[in-house]
Amino acid sequence: MRVEILIREIRKSKKITITELTKLTKLSKGHLSKIERGETRPTIDTLVMIALALKVRVEELYKIHY
């Protein structure tokens with residue numbers, strides 16, 4: 001599964017809005033939206049921030065992304 005799909009699915013399954021994720025990660029809404037739409041690839045640092053915010057192991061995202 002592609003990382004952007006996985007991030008969106010995890011976020012939605014935890015009932016976290018994109019706005020809430022921006023507050024948890026300190027990333028902009030536009031940047032997170034682009035990641036979820038597959039328009040930009042997240043860096044490792046960004047994946048770490050997202051994983052922490054979603055309370056999943058970063059390895060779950062890292063292995064899929066890279």
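**Exercise 1.** Work out which residues of helix α2 meet which residues of helix α3.

*Solution.* 
- Start with the pairing itself: from α2, I18, T19, L21, T22 and T25 meet K29, L32, S33 and E36 of α3. Contact here means heavy atoms within 4.5 Å. Helices (H or I, at least four residues) and strands (E, at least two) are DSSP runs, numbered from the N terminus.
- Next, sort that contact by class: three residues are nonpolar, four are polar and two are charged. Ala, Val, Leu, Ile, Met, Phe, Trp, Tyr, Cys and Pro count as nonpolar, Asp, Glu, Lys and Arg as charged, and the others, Gly among them, as polar.

A word on what you're looking at: this is a predicted model, where local features need pLDDT of at least 70 and side-chain atom pairs count only at pLDDT 80 or more, while totals for chains, interfaces and linings use all residues. Residues are numbered from 1 along each chain as its sequence is written, and side-chain values use heavy atoms, with hydrogens and water left out.

**Exercise 2.** Describe how α2 and α3 are set against each other, using the angle and the axes.

*Solution.* 
- α2 covers residues 18-25 and α3 covers residues 29-36; they pack at about 115°, and their axes are 9 Å apart. Axes are lines fitted to C-alpha atoms, for helices over the stretch in contact, and angles run from 0 to 180 degrees between N-to-C directions.
- That angle makes α2 roughly perpendicular to α3. The cut-offs: under 35 degrees is roughly parallel, over 145 roughly antiparallel, 65 to 115 roughly perpendicular, and the rest oblique.

**Exercise 3.** Is T22 buried or exposed, and which residues does T22 contact beyond four places in sequence?

*Solution.* 
- T22 sits in helix α2.
- Its relative accessible area is 14%, so T22 is buried. Buried means under 20% relative accessible area, exposed over 50%, partly exposed in between (1.4 Å probe, protein chains only).
- Skip the neighbours within four places in sequence, and T22 touches L27, S28, K29 and L32.
- Now try K34 in α3: at 40% relative accessibility, K34 counts as partly exposed. With neighbours within four places again left out, K34 is in contact with E39 and T40.

**Exercise 4.** Check phi at K15, K26 and K55.

*Solution.* 
- Most residues other than glycine have a negative phi.
- K15, in the loop between α1 and α2, has a positive phi near 55°, and at 71% relative accessibility K15 is exposed.
- K26, in the loop between α2 and α3, has a positive phi of about 70°, and at 71% K26 is exposed.
- K55 follows α4 and has a positive phi near 60°.
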